[in-house]
Amino acid sequence: MNGYIVLADGRYFVGQGFGYEGISEGEIVFNTSMTGYQEVLTDPSYQDQIVTMTQPMIGNYGVNDEDMESSAAYVQGFIVREYVETPSNFRACDTLGNFLQRYKIPGVQGVDTRALVRHIREKGAMPGLIAVGDYDIATLQKQAAQVSHMSGKDLVAKVTCTKPYQWQQGVWKLEEGFQDSRRPEFRIAVYDFGIKYNMLRLLTHYGFEVTVFPATTPAQEILEGDFDGVFLSNGPGDPSAVTYAHKNIAQLIGKLPMFGICLGHQLVCTALGASTYKLKFGHRGVNQPVKDLKTGKIEITSQNHGFAVSTENLPDQVQVTHINLNDETVEGISHKKYPLFTVQYHPEASAGPHDSECHFERFAEMVAAYKKEKLVN
Ligand SMILES: NC(=O)CC[C@H](N)C(=O)O
C-alpha cells in the first residue's frame with residue numbers, strides 16, 4: 001500500500017503505508033525522542049498534528065496497556081523511516097501498526113525523514129496531510145494547500161473530560177506495576193486541558209487527592225470546592241485561543257497555590273498579562289536542556305510544544321525562572337508575590353528523563369506552606 005506525505009507548500013514524499021488506510025490532515029511536526037512513541041501517540045497535546053519521528057527505527061518494542069498517556073491516541077498521522085512489524089519486548093501486547101489501525105491513524109514508512117525534518121526546520125512547521133492507499137499527488141497537493149494553520153485554534157474542547165472525576169492510580173514501577181495511591185495530605189483541583197496520565201499519577205504519588213475538572217469549569221466552582229491548590233495541565237492548540245481559561249485562571253491567581261505545565265504554563269502567563277507566540281518548528285523530544293536561573297543547574301527535559309511565552313511584555317510580577325539553552329526561550333516562571341509557578345517542559349516525563357520530577361515535590365511543599373500559613377492566620 002502506498003503512503004503519502006504532502007505539505008501545504010507542495011513538497012511531498014512517497015513511501016509505504018501502515019496502520020490505518022485513509023487520509024488525515026494536520027500540522028506536520030517532528031519529535032527527536034529515541035523511545036516513547038506510544039506516549040507520543042497518546043499525548044492529547046498532539047491533537048491535529050502529524051508527527052515525524054527522527055529516530056530511524058520505530059515499533060521495535062511494540063505497544064502495551066501500561067504506557068498509555070490518555071485513554072486514546074490523538075495524533076492525526078505518524079511518519080517513520082522504518083516501521084518494525086515484529087516487536088521484541090517482554091512488555092509488548094501488540095504491534096504499532098495494529099495500534100494505529102485501532103485508533104484510525106494513517107502511518108507512512110520508507111520516506112526520507114531527515115529530508116522532511118530539514119524542510120520543516122528551514123520553512124517551519126506547516127499544515128499538510130498524510131494518506132495511505134492509492135492517491136493522485138496533484139489532488140493531494142490541492143487538498144494540503146487548504147489545511148488550516150495551528151495558530152488561532154482552540155483544540156482543548158476536543159480533548160478535555162466532559163465531567164469531573166477522581167484520580168487514584170499512582171506511579172508505575174518495573175516489576176511492581178502501578179503503585180497504590182498514598183494517603184493524601186492535600187486536596188487539589190486539576191484543570192484538564194488534555195492531560196497526560198503521568199501528571200495525575202505523580203500528583204497522587206506526592207500526596208494529593210486529585211479531582212479533575214473539565215476545561216470550562218468556572219473559577220467559582222473551584223473556589224467553592226475547599227481545595228488546597230490548583231493544577232493546570234498540558235493540552236493542544238494555540239494558548240491564545242483558549243480565552244475562557246485565561247479568565248478562570250485570572251480569578252484563581254493569588255487565591256490558591258498554583259502549578260501549571262506546558263499549555264497550563266502558557267495559559268497562566270497569558271492570564272497574568274503576558275503573550276505567547278508560535279515557535280518556528282517547536283520543541284518536541286526528550287533531551288532539551290533547560291537552565292534553572294536561580295541554581296544554575298541544568299535539567300535535561302522532555303518537551304512537546306509549538307508555542308512559547310514572549311519575554312517582551314512580561315508583567316512585573318512575573319519572574320523567569322528557567323530558560324531553554326538551545327534558543328533561550330522561557331521555560332519556567334514564578335510569581336513574585338503569590339504561591340504560583342509554571343514550567344513549559346514536562347516534569348512528568350513519560351517519555352523522557354526524570355531530572356525534573358522535583359517540581360511535583362516543590363508543588364507539594366508550596367501547598368503545605370500555604371495551608372500552614374492559613375491555619376496560623
Ligand atoms: N504539551 C503542551 O501542553 C503543548 C502546549 C501548546 N499546545 C503548544 O504547542 O505550545
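Predicted model: local features only at pLDDT ≥ 70, side-chain atom pairs only at ≥ 80, totals over all residues.

User: What makes Gly237 count as buried?

Analyst: Residues are numbered from 1 along each chain as its sequence is written. A residue is buried if 20 or more other C-beta atoms, placed from the backbone, lie within 10 Å of its own, exposed if 12 or fewer, and partly exposed in between. Gly237 has 26 C-beta neighbours inside 10 Å, so Gly237 counts as buried.

User: And why is Asn304 called buried?

Analyst: Asn304 has 27 other C-beta atoms within 10 Å, so Asn304 is buried. Asn304 belongs to strand β18 (residues 298-309); strands are DSSP runs of E, at least two residues, numbered from the N terminus.

User: Which residues does Asn304 contact, leaving aside neighbours within four places in sequence?

Analyst: Contact is called when two C-beta atoms, placed from the backbone, lie within 7 Å. With those neighbours left aside, Asp43, Ser45, Arg284 and His346 are in contact with Asn304.

User: How do you know that the "binding site" residues gather at one spot?

Analyst: The unreviewed UniProt entry lists Ser45, Gly235, Gly237, Leu263, Gln266, Asn304, Gly306 and Phe307. They span 263 residues in sequence, yet no two of their C-alpha atoms are more than 13.1 Å apart, so they gather at one spot. Such annotations may be inferred rather than shown by experiment.

User: What makes β4 and β6 a pair?

Analyst: Pairing needs at least two DSSP bridges between strands. Three bridges join β4 (residues 49-53) to β6 (residues 77-79), and these strands run parallel.

Technical notes: Helix = DSSP H or I, 4+ residues; strand = E, 2+ residues; numbered from the N terminus.
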